[in-house]
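Subject: Structure for your review

Dear colleague,

Please find the structure below, together with its sequence. My notes on what was found in it follow.

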Amino acid sequence: MKKNKIVKADTIITSHINADFDAIASMLAAQKLYPDSIIIFPGSQEKSLRDFFISSTSYLFNMADPKSIDFSQTSKLVIVDTRQKNRLAHVSRIIDKKNIEIIIYDHHPAMEGDIKGTFETIRQTGATTTILTSLLQEKNIIPSPEEATIMALGIYEDTGSFTFSSTTKEDLEQAAFLLSCGASLNTIVSFVVKEIKSEQVTWLNELLNEMTIHKINGVDIHISVISSSSYITDLASIVQKVVRMENLDVFFAIVLMDNKITIVARNSIPEINVGKILSRFDGGGHSYAASAKVDNKTLAQVEIILIQQLQKEVKSFQVAKNLMTTPAITIEPDTTCKKAGQLLTRYNINTLLVVDKKKNLYEGYITRQIIEKTLYHNLSHLAVTEYMNSEVRYISSDADVSQIENIIIEGKHRILPVIDNGCIKGVITRTDLLNYLVEHNKTFKEKGTEPAIKKNTRKRDVSNILFQRLDNLVRQLLQDIGKTGSELGFNMFVVGGFVRDFLLSRPIDDIDIVVEGDGIEFAKHYAKKQGCRINTYKKFGTAVIIFPDHFKIDVASARLEYYKTPAALPIVEKSSIKLDLARRDFTINTLAISLNPESFGTMVDYFGANRDLKDKTIRIIHNLSFVEDPTRIFRAIKFSNRFGFKIGKVTSNLIKNAIKIDCFKNLSGLRVLSELKQIFEEENPIPAIKMMEGYGLEKIIHKHLEFIPNTYQLLESVNKILSWHDLLYVKEQYPRWAVYFMALLNRCSYNVCEQICTRLNIPLKERGILLEKRLKAEKKLAVIENSSKYSTQDLYWALITFKTEFILYMMALAKDEKTKKAISLFYTHQRNIKPYIQGRDLMRIGLKPGKIFGNILDKVLNEKLDGKLKTKKQEIQFVIGYANKNKFI
């Protein structure tokens, strides 16, 4: 093999890894200052453009492969556009060499880990090239037009074509000097001003869609995390476009591509230095622009580390001790709700801290709104501990604004105690925080800049996702509803389960529309236009629109509900969309999407539903929700089971409290039955049933109802059988809920079962399923299992009168596999066997109509069950023989 020629180099010039145009241009300018030097090119981040540029102009650079350089003769190392040792790994052995002279030219601010040069020229300019070209100008060294073009390109790129806040007068002067040397603006424009390509538009949209906001010390930090199986060309340019389009103050893009993670940062807030922040990842840059490459970490790990670094580096603007109100007004846990109401009135406050003074323990807080509801429902004699918010959160007196914001605004806490060493120093209320935020915004405005704290409107544009996930018919339907509403002057929203399931990418079964206005008027107008039927319910201001293909849409006026007594049906009044959503059961069901043409696809979230969907948590909206409507307890369990969500701590405690005070005593049995049916209709209701038992809800159904291990074994068997059946017989309809209910009643006495049916107001037909018919099925199964020999005919006539739900129940209840298989064979093959011949065929043979017809057809059926008759001809021959033998002809 041919060996590379060894090059001796007294002076080496280099720059940082992932070199940008400023680094390339600075190396070229340094070469003009040190004519006999050799350049070591460290590699470029933007391969498609920079590699092409270097290969096209390589004749201007005196470059050499580091492997071919004899470093023993090197006495001088010139470093441009960086001082960070971790970004100079390719020349680390030279840096560590004794008696080496290190010369540095850089425009970055000082950072930890900087190399100390023998000679340094550090100036706060927009580009390092500016520093070096000013030295060329001082020494009267005139670059060629090609060299001037490359140097000007470095200045143009690093100053954002002189638009970045880091741009200085000197940058403009040196750009003018280079233009006077013949720099080509056409060439510069071809690299700096690039038309965005279609694939780059895709990545731009990806960055926008995946963007999240993290409030850190009052500053909105925007972070997007995306991945690509291929290299993304000009990522930095795409990031810059995102910043400009969205007018972002601070933005970090974390991108996985080519199995490596790249972080690109942009910033316009003086107090934040993204270069320093990314030094944690061995990256670098300026306070306003920086980048880093990360190996051997996942996207999630990088995001977590970045957020931790941001929390460390973004300085606090104010501490809790300057915000808090003192003294804190507290009450003991056993204080009655009536007494708490008197204290709220006495001190003219809206929230009280609940503190066990004997234990010196902060246990929670209770609000005026909750106290007023307890008074309304005649529960004022109960202790505040029953209804207080027990999600205990507090801070120390040196906490920063970000912590306070996160707990009060994002966590929806009305009051935040300030506790040092177990002693309550004071409280921070929503009002205290609001006053601070208003003052903070004023301060920024007086400085002539945008406020660092932006108003959280809880709105999100999901129109693109609607177009992606909904089929054309549903999307067009929603748009038509919005247009019709606008014609009537109504604000239209699709709400609740539709939005929840849409965001969870689950099948959507129902469309619920809420009208800020008269829902019935809208329904009538829309139905007339579309040729639909409607059913209206004036008491609740609701309507159902029924399309010609029987598809239905539920329409409701935005309404407010209140309850005269616990467990009663609600009293309804018209209201706004916000109040309408506030009456709903859980936060995850409070999302709404606007349908009016001017705001189509705008999703509103007043109650943190997005957060709870992300956290996979079921949370109640207000603390008396279960008292007002105890059926919500069953719905909480149903949603928890369906979505695999956990029930929040406070919500769980409130469920226990509602059961403890017997809120079900005034609840209609039919409403409980309805909720139980919905749970039993779920794909696998067993976890929900276990959760019901965990809360003691089986005792709400009947005090003697017990779920023992054998109960759950039977339920598992039911689930297995129903899964088998539903896979084979997709279109077969049967009351799925009834099979689970029968399994739960299997070990109960007849009297208990009868009392349960009475308690739940189960209609006579369904009562028959759970009582007489269930017992009949159990007895028939016992006969089959106890019989030593059961023929095909015997099994057929034993089971043919039972409907699907009882057959499946018997299969689940069967103790041995032999019986299960026999019943399964009946269901899959024998139950639909019927003779080909009919009464008219018997008449043609010469038989007279009468009871004999039934007996003969049953004989034919028995022969078919035994596999002896396969065709109609064989059946006729059998009948003729049977009739002659018995002298019927």
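Contact, as used throughout this message, means heavy atoms within 4.5 Å. Helices (H or I, at least four residues) and strands (E, at least two) are DSSP runs, numbered from the N terminus. Please note that this is a predicted model, in which local features need pLDDT of at least 70 and side-chain atom pairs count only at pLDDT 80 or more, while totals for chains, interfaces and linings use all residues. Residues are numbered from 1 along each chain as its sequence is written, and side-chain values use heavy atoms, with hydrogens and water left out.

The buried residues of helix 4 pack against several elements: helix 1 (21–33), helix 5 (145–158) and helix 6 (169–180), together with strand 5 (76–80), strand 6 (101–106) and strand 7 (119–122). Buried here means under 20% relative accessible area, exposed means over 50%, and partly exposed lies in between (1.4 Å probe, protein chains only). Helix 4 covers residues 128–138, and because 9 of its 11 residues are buried, it is largely enclosed by the rest of the structure. The buried residues are Thr128, Thr129, Thr130, Ile131, Leu132, Thr133, Ser134, Leu135 and Leu136.

Asparagine 140 follows helix 4 and lies in the loop between helix 4 and helix 5. Its phi is near 60°, a positive value in a residue other than glycine. Asparagine 140 is exposed, with a relative accessible area of 62%.

A positive phi near 60° is also found at asparagine 378, again a residue other than glycine. Asparagine 378 is in the loop between helix 13 (368–376) and helix 14 (401–410), and it is exposed, with a relative accessible area of 62%.

Nonpolar cores

A nonpolar core is a set of buried Ala, Val, Leu, Ile, Met, Phe, Trp, Tyr and Cys residues joined through side-chain atoms within 4.5 Å. In soluble globular proteins, nonpolar side chains tend to be buried together. The largest core here has 135 residues, of which Ile513, Leu697 and Phe741 touch the most other members. Helix 29 (residues 736–745) supplies the largest share of this core, 9 residues.

Leaving aside neighbours within four places in sequence, leucine 697 is in contact with Ile633, Phe634, Ile637, Ile659, Phe664 and Met692. A second, separate core of 37 residues includes Ala25, Leu132, Phe177 and Phe191. Leu132 is also among the buried residues of helix 4.

Tyrosine 695 is in helix 26 (residues 686–695) and counts as buried, at 16% relative accessibility. With neighbours within four places in sequence left aside, tyrosine 695 is in contact with Ile637, Ile647, Ser652, Ile655, Lys656 and Ile659. Tyrosine 695 and isoleucine 762 are 67 residues apart in sequence and 23 Å apart in space, C-alpha to C-alpha.

Cysteines

What is the count of disulfides, taking a disulfide as a pair of cysteine sulfur atoms within 2.5 Å? By this rule, the count comes to 0 disulfides. Cysteine 757 is in no disulfide, and the nearest cysteine sulfur, that of cysteine 753, is 7.0 Å away. Cysteine 757 is in helix 30 (residues 750–759) and is buried, with a relative accessible area of 0%. Not counting residues up to four places away in sequence, cysteine 757 touches Ile762, Arg767, Leu770 and Leu771. Cysteine 181 also counts as buried, at 11% relative accessibility.

Cavity

On a 1 Å grid over the protein atoms alone, a cavity is a set of points where a 1.4 Å probe fits but cannot get out, and lining residues have an atom within 4 Å of a point. Grid points are joined across faces, edges and corners, and a volume is the space filled by probe spheres set on the points. A search of the whole structure finds 1 cavity of 30 Å³ or more. About 70 Å³ of space lies in the largest cavity, whose lining consists of Asp81, Thr82, Arg83, Gln84, Arg87, Asp106, His108, Pro109, Met111, Asp114, Gly284 and Gly285. These residues divide into 2 nonpolar, 5 polar and 5 charged.

Helix 28

Asparagine 710 is in helix 28 (residues 709–728) and is partly exposed, with a relative accessible area of 35%. Asparagine 710 and tyrosine 809 are 99 residues apart in sequence and 15 Å apart in space, C-alpha to C-alpha.

With kind regards

Key. A disulfide is a pair of cysteine sulfur atoms within 2.5 Å. On a 1 Å grid over the protein atoms alone, a cavity is a set of points where a 1.4 Å probe fits but cannot get out, and a pocket is an open set with protein on both sides within 12 Å along at least five of seven lines; lining residues have an atom within 4 Å of a point. Ala, Val, Leu, Ile, Met, Phe, Trp, Tyr, Cys and Pro count as nonpolar, Asp, Glu, Lys and Arg as charged, and the others, Gly among them, as polar.
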